[in-house]
Amino acid sequence: MMFRFDSLQDFLQMSGHGPYVWSAYVISIAVMLWLVISPLRRRRQLLAGVLRQQRREAMRQHQEESADDFVTENRK
Amino acid sequence: MWQWFHRLGSPRWFYQASGKWLPWLSGVAVLLLMIGIAWGLGFAPQDAKQGNSFRIIYIHVPASFLALAGYYVMALAGAVGLIWKMKLADMVMKSAAPIGAALTFIALVTGAVWGKPTWGTYWVWDARITSMLVLFFLYLGVIALQYSYSGQDAANKASAVLSLVGMVNIPIIYKSVDWWYTLHQPATIKLTEAPSMHPDMFHPLLVMILGFYCFYAVVLILNTRTEILYRERRTRWVQDMVGPAGESGQ
């Protein structure tokens with residue numbers, strides 16, 4: 001097995017078919033990268049959303065508790 | 001046997017198990033694709049008639065294979081979800097649709113780019129090409145149906161029915177090059193015959209096809225895992241995984 005082109009220039013031009021071959025490869029690889037990145041990005045957003053929700057609930061719980069404390073304090 | 005079936009149907013089990021498969025599968029996919037691309041672009045001989053434009057085959061054929069195989073996956077998952085009400089199957093069906101659409105898009109675009117130097121035109125209404133375009137629209141239809149119902153169950157049912165009806169198109173795609181003798185060349189590889197290609201050209205193609213299969217598995221798992229998280233985001237196990245107990249969110 002050997003490299004079929006004499007130079008980098010030759011490899012890029014592919015005897016005139018370069019633009020076709022390279023654009024086909026570049027477009028395909030871009031689409032494939034998008035296929036990997038988009039579920040990962042959606043996943044990150046989802047997990048961040050769940051975490052935000054949890055923090056909000058914890059905060060509310062905390063506030064309710066301190067409000068209860070305040071009421072009992074004043075009743076004394 | 002049934003226990004196994006039920007366990008496989010559990011989104012939580014799948015999420016945890018697939019997390020262990022992913023690194024291996026991704027490694028194999030990247031390795032195969034890198035070897036295949038380098039081999040196909042630089043080391044395979046050029047075609048006697050088509051010259052270097054022939055190198056597009058190393059993307060075009062594997063992408064077309066997976067565009068079709070992905071349709072089987074989607075329709076099969078839809079059927080399983082419809083018959084056994086398996087939640088995981090519905091999620092797989094939904095996840096398979098955008099991947100299939102993207103692969104069909106790659107097949108169509110690389111075919112068009114290859115067509116220009118070979119046939120002198122980007123597009124013809126050839127039987128094979130037209131039936132692939134129909135496949136693309138079927139995938140888009142399933143994606144659209146997923147978003148056009150407010151209830152998840154109705155959306156699942158409608159998408160599953162559309163993907164099963166769309167199965168009609170699959171044998172048409174396969175047979176189109178034999179039934180209508182138009183521009184598209186007949187299949188390069190058939191399971192029942194020896195390949196009509198020289199081994200030096202065929203081996204890198206084989207590597208690319210294997211690489212695309214692994215790649216497909218990886219992105220299907222990634223999409224399904226995200227879909228599981230979305231649909232189960234209020235359940236205990238997801239809450240525990242994200243919360244203080246497991247901050248990392250494995």
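Is B:Glu227 buried or exposed? B:Glu227 is buried, with a relative accessible area of 2%. Buried means under 20% relative accessible area, exposed means over 50%, and partly exposed lies in between (1.4 Å probe, protein chains only).

This is a predicted model, in which local features need pLDDT of at least 70, side-chain atom pairs count only at pLDDT 80 or more, and totals for chains, interfaces and linings use all residues. Residues are numbered from 1 along each chain as its sequence is written, chains are lettered from A and ligands numbered from 1 in the order in which they are written, and side-chain values use heavy atoms, with hydrogens and water left out.

1. **The salt bridge between the chains.** The structure holds 5 salt bridges over all chains. A:Arg42 lies in helix 2 of chain A and B:Glu227 in helix 8 of chain B, so this pair joins two chains. A salt bridge is a side-chain nitrogen of Lys or Arg within 4 Å of a carboxyl oxygen of Asp or Glu. Helices (H or I, at least four residues) are DSSP runs, numbered from the N terminus. In the bridge of A:Arg42 with B:Glu227, the closest N and O atoms are 3.1 Å apart. Between chain B and chain A the count is 1 salt bridge. A:Arg42 is partly exposed, at 31% relative accessibility. Side chains of opposite charge can pair when their charged atoms come close.

2. B:Lys94 is buried, with a relative accessible area of 12%. A network of salt bridges links A:Arg42, B:Lys94, B:Glu227 and B:Arg231.

3. **A salt bridge within chain B.** The side chains of B:Lys87 and B:Glu232 form a salt bridge (3.3 Å, N to O). B:Lys87 lies in helix 4 of chain B and B:Glu232 in the loop between helix 8 and helix 9 of chain B, so the pair ties together parts that are 145 residues apart in sequence. B:Lys87 is partly exposed, at 49% relative accessibility. B:Glu232 is buried, at 8%.

4. **The interface.** Contact (heavy atoms within 4.5 Å) joins 48 residues of chain B to 32 residues of chain A. The area buried between chain B and chain A is about 3500 Å², and carbon and sulfur atoms give 73% of it. Buried area here is the accessible area (1.4 Å probe) that two parts lose on being put together, summed over both. Across this interface there are 10 residue pairs in polar contact (both at pLDDT 80 or more). A polar contact is a pair of N or O atoms within 3.5 Å; within protein, one must be able to donate a hydrogen and the other to accept it, and residues adjacent in sequence count only if both atoms are side-chain atoms.

5. Helix 2, helix 3, helix 4, helix 8 and helix 9 of chain B each give two or more residues to the side that touches chain A. Helix 8 of chain B gives the most, with 11 residues. By class, this side of chain B has 29 nonpolar, 12 polar and 7 charged residues. Ala, Val, Leu, Ile, Met, Phe, Trp, Tyr, Cys and Pro count as nonpolar, Asp, Glu, Lys and Arg as charged, and the others, Gly among them, as polar.

6. **The core.** The largest nonpolar core has 85 residues. Such a core is a set of buried Ala, Val, Leu, Ile, Met, Phe, Trp, Tyr and Cys residues joined through side-chain atoms within 4.5 Å. B:Tyr58, B:Tyr71 and B:Phe212 are among those with the most contacts inside this core. The elements that give two or more residues to the core include helix 2 (18–75) of chain A and helix 3 (57–84) of chain B. Its largest share, 17 residues, comes from helix 8 of chain B. Leaving aside neighbours within four places in sequence, B:Tyr71 is in contact with residues including B:Leu135, B:Leu162 and B:Ile170.

7. **Two histidines.** B:His60 is found in helix 3 of chain B. B:His60 is buried, with a relative accessible area of 12%. The backbone nitrogen of B:Gly111 lies 3.4 Å from a polar atom of the B:His60 side chain. B:His198 lies in the loop between helix 7 (169–179) and helix 8 (199–231) of chain B. B:His198 is partly exposed, at 47%. A polar atom of the B:His198 side chain lies 3.0 Å from the backbone nitrogen of B:Asp200.
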